[in-house]
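Reader: Hi! I'm new to this one, could you walk me through it?
Author: Happy to, let's look at it together.

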Amino acid sequence: MTPTALIEVDHLKTYFDTRSGTVRAVDDVSWKLEKGESLGLAGESGCGKTTTALSIIRLLPKNGRVIGGHIQYAGKDLATLKESDLRKIRWKHIAIVFQGAMNALNPVKRVSWQIAEAITIHDVVASDEAETRVDELLELVGINPKRKDDYPHEFSGGMRQRVMIAMALACRPKIIIADEPVTALDVMIQAQILELLQRLREELDLSMILISHDLSVIAETCDKVAIMYGGKIAEYGPAEEVFLEPQHPYTQGLIRSFPDIYGPRDLPPWIPGQPPNLLEPPAGCRFHPRCPQAFADCQVRDPPLFETGKDHVAACLLRAPHT
Amino acid sequence: MAFPSGSLGYWLRRRLGMSEVRREKFVLAMKRLNEILDAVIHHRMGGIGLGILSFFVTLAIIAPFLPIPAPQYSFTDGQGRYLATVDPSWEHPFGTDQNGRDILSRVIWGSRISLVVGLMASVIAAVLGTLVGLISGYWGGWRDEVLMRVNDILLSLPWLALLIVLAQILGGTLSLNVIILTIGLTSWNFTARVVRAQVLSVRERVFVERAKASGASSLSILRKHIFPNVFPLVFANTILTVAVAILSESTLAFLGKVDITNLSWGVVLEDAFGSSAAINGHWAWIIMPGLALVFVILGFSLLGYALDEILNPKLRER
Amino acid sequence: MSEIQRVILRRLRNAMITIFGIITLNFFLINVMGNPLDLISRAPNVSPDIRKNTCIRLGLCDQDGNALDLLTRFVNYIQNFFTGNMGTSFNWKDTPVVDVIIPALGWTLLLIGTSTVITIIIGMVLGAISAQQRGKPFDIAATGFSLFFYGMPFFWLALMMQLGFTKQEFGLNWWPVFPSGQQYDFTIPVFNWGNIDHVMNALYHIVLPAATLSLGTVAGVSLVMRNSLIDAMTEDYVVTARAKGLPERLILRRHVLPNGLPPMVTLIALDMAFIFGGAYQVEYVFSYRGIGWVTIEAINAFDFPVLQFVVVLGGIAVVVANFVADLILLKIDPRIKVA
């Protein structure tokens, strides 16, 4: 029996009520995060990766609900936990760094105030002790503590992201969810932030869930990866294996669409078509309308996750065990 | 489909002798108008606003054909005295005023002047405001400063008082044209501000720079790029201006500065106030014209708000 | 000189220009539209002597009784303005304009002050609850109510209040009744707080006008507050705050409100002109002897000195209000730097 993971998502279903119907944003998703590990959630926009992460700490907009599944953490099921108890878990155990930190920070409050707020919500701490913690955190992420009384708009994009990271670490959480942490930044800053995250992970023994549509970011930083498509998991396994030997046609398509620096100077093949409409997903396998290897059965059967290697699974009928 | 885009549109275009390219643009324009109309009807507030306004406009138009007494006709009792301030009854659903005139009829007929003044004054205000906003925003510099100071000054003066002064000097009451003109000349401020802000933001956009770089003249840039981006905003804003104009006219009428042969709702209310209707409890006299005013203003406000949301993509995300 | 100081100075300069423009425009509008001398001449049976004296007294002629031209009158006007000499009222015989207006101003300020305070408190609370209960019955009811009262003509609202609250309606003897105006002695200065009877009587006469003004403006305040708060609520930093584990109540107080308030300040400043317009109408209907009432009487009597001063006062008040609002905004919103 394997030791229980730090956090385990089990058959999670999150739906949204909209005027046009129910959007099945996350439709039966399962994965595990071990202590000290980093998991990447990858996929196109709208595939459900952010919604999965938000569902963990229940930060969904008003019309979203977790309608099924379990989220096991520290012996509790976060999906059914009372709001007041969940609030104690937020930030102190599981913190989140949002993308586009432009608006994620309150524009009329000083940066030091916002970081200190994170601390004082969960611990009763004297104000000068909080000040010292704020200074420490800023130094940790590479910001001069003298700037702690500045407002968010006085920082550049990359520095704002660092502030968000500092704020996320304020309560020494066990898990950090990074939602597209570098998407809105230019490439050089991207590298810096990713390096920072890596260093912090090692120093503070953090576990991380990294969400990105940029496979290169995930490939660089994550131990495990879950490729999501149409609200479901298409492929899940150790990052190296998934990227070097992808088992799901979707993953294969994604990897193929990366231009190879040593390869021919042609436009790489891309995946035709559009992501599925989550109001009425296609019957059978959700990827079949765009899949070059689809066959008749794909239109009818929605494949479960088949084992294709050690801890490596893919939801494709082609990987079904031949009986 | 309220705007002709199908075969009727085609016939229209043939008759107007439009060139092929123009015909294309016409079709597209009509289609867009229909889209907008649909959006407005389906927008909760827009639909209600449109409904209210349709009701009142129809009423105003068909007034001469309704089986109601003439608004200036004074009913008399048997002995030749005015049948004054009678309470609501079957014959006079809203009662009569101090000269025995039927109030329901006056309210229905009053809609014509109230609406016409409002519409025409706001057109003037819109045109003026757009011009000022365009000049101010596009050329900037000293023109902008000067226009903005003028705007500030006009915005700050209690123009209502000035209007009344004007009325007094001109012999006590204002004629219809003067009223329309003066309301129009004093209501352009807000539109100018809004247009200026929009022009400033559009001016910075890339396609305008490109147009300039390719040698287009200022006028053509204004016409082809800036104006189409500004016009929808102006339109939505004008609808709201109409509400303000109607309000202004009724206030002027109420204060007695309007030629009373131009029967509007404000005039009816002025009669009511002059006859101490409130103190004497003639409720229909006060409530009915007022409700008409309120609902028409409400209609324009709702419509303007809906149009603003529809035509301004940023607001739609809410 | 710091950035902020430079901005403030620039705003001050603009305000000064505007005020000067108001003063100038005011003179020309009122005097060019009609020569006061002509109007006085219309009065029959006026001997040339009286005419001459009146002319001199009103500053329209010089010592010898010759009519002064417009430019000279303008220069005198500016000089007088800055020495505080506003002239003498035509209408209220021989009372300096200042003495006619200042007491009336006191009453109007009392009226506007009371109703603005009520409006702001009720409007903001209504807007805040509406924003929080967005989409629920309270919100729909409150927003519907606000839309209905938004843009409602003040004079009609005043008439309705008179209709409803000056007599016992429906024979109910607990129905609140307030005076419709006229009976009150407005010459007793407003700041005579010592006399309790006087104070109570004054309050009694203020209820209806203040209620009318409040009802007319609360709608706008509540609607803008609601929209402003909803805007703030849908921002990302609110999600961040929730992610930090803050309870909803604190999110509202610490994050939503501070971001939602700045637009309110602008709105209230802009509303000042609107409220003044409304006050005129309300005072007229209730015969409440404030500035509005004085103005309308002055207009009917061609009392130009009074009119000049009133218009200028109104304009300056609006400019000052806007300037103060700008200053407040600069203080509370750290994002605003340059105009």
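Predicted model: local features only at pLDDT ≥ 70, side-chain atom pairs only at ≥ 80, totals over all residues.

Reader: What do strand 4 and strand 5 of chain A form, and what's in the turn?
Author: They form a hairpin with 2 residues between the strands, and A:Ala74 in the turn has a positive phi of about 45 degrees. A:Gln72 has A:Asp77 in strand 5 of chain A as its bridge partner.

Reader: And which strand pairs with strand 4 of chain A over 8 bridges?
Author: That's strand 1 (residues 7–18) of chain A, again antiparallel, with strand 4 covering residues 64–73. There, A:Ile7 stands opposite A:Tyr73.

Reader: Switching topic: what's the strand order in the open sheet of 8 strands?
Author: In chain A the order is 6-7-8-3-9-10-12-11, with mixed pairing. Strand 6 (94–97) and strand 11 (306–309) of chain A are the edges, each pairing on one side only. On average, neighbouring strands are turned by 20 degrees against each other, direction ignored.

Reader: Which helix packs on that sheet?
Author: Helix 6 (residues 157–168) of chain A does, touching strand 6 and strand 7 (175–179) of chain A. Its direction makes about 175 degrees with that of strand 6 of chain A. Such axes are lines fitted to C-alpha atoms, for helices over the stretch in contact, and angles run from 0 to 180 degrees between N-to-C directions.

Reader: How is chain A divided into domains?
Author: There is domain 1 (5–93 + 174–319) and domain 2 (101–172), with bounds from an automatic or database domain assignment. Their C-alpha centres lie 29 Å apart. The contact between them takes 11 residues from domain 1 of chain A and 12 residues from domain 2 of chain A; residues are in contact if their C-beta atoms, placed from the backbone, lie within 7 Å.

Reader: Which helix gives the most on the domain 1 side?
Author: Helix 7 (residues 187–204) of chain A, with 5 residues.

Reader: What about chains C and A, how many residues does their contact take?
Author: It takes 17 residues from chain C and 21 residues from chain A. On the chain C side, helix 9 of chain C gives the most, with 6 residues.

Reader: Which residues touch the most other members in the largest nonpolar core?
Author: A:Ala166, A:Ile209 and C:Leu159, out of 233 residues. A nonpolar core is a set of buried Ala, Val, Leu, Ile, Met, Phe, Trp, Tyr and Cys residues joined through C-beta atoms within 7 Å. Buried means that 20 or more other C-beta atoms lie within 10 Å of a residue's own, exposed that 12 or fewer do, and partly exposed is in between, with C-beta atoms placed from the backbone. The largest share of this core, 17 residues, comes from helix 13 (residues 283–311) of chain B.

Reader: How many helices and strands does chain B have?
Author: Chain B has 14 helices and 0 strands.

Notes. Residues numbered from 1 in each chain as written. Chains lettered and ligands numbered in written order. Contact = placed C-beta atoms within 7 Å. Helix = DSSP H or I, 4+ residues; strand = E, 2+ residues; numbered from the N terminus. Pairing = 2+ DSSP bridges.
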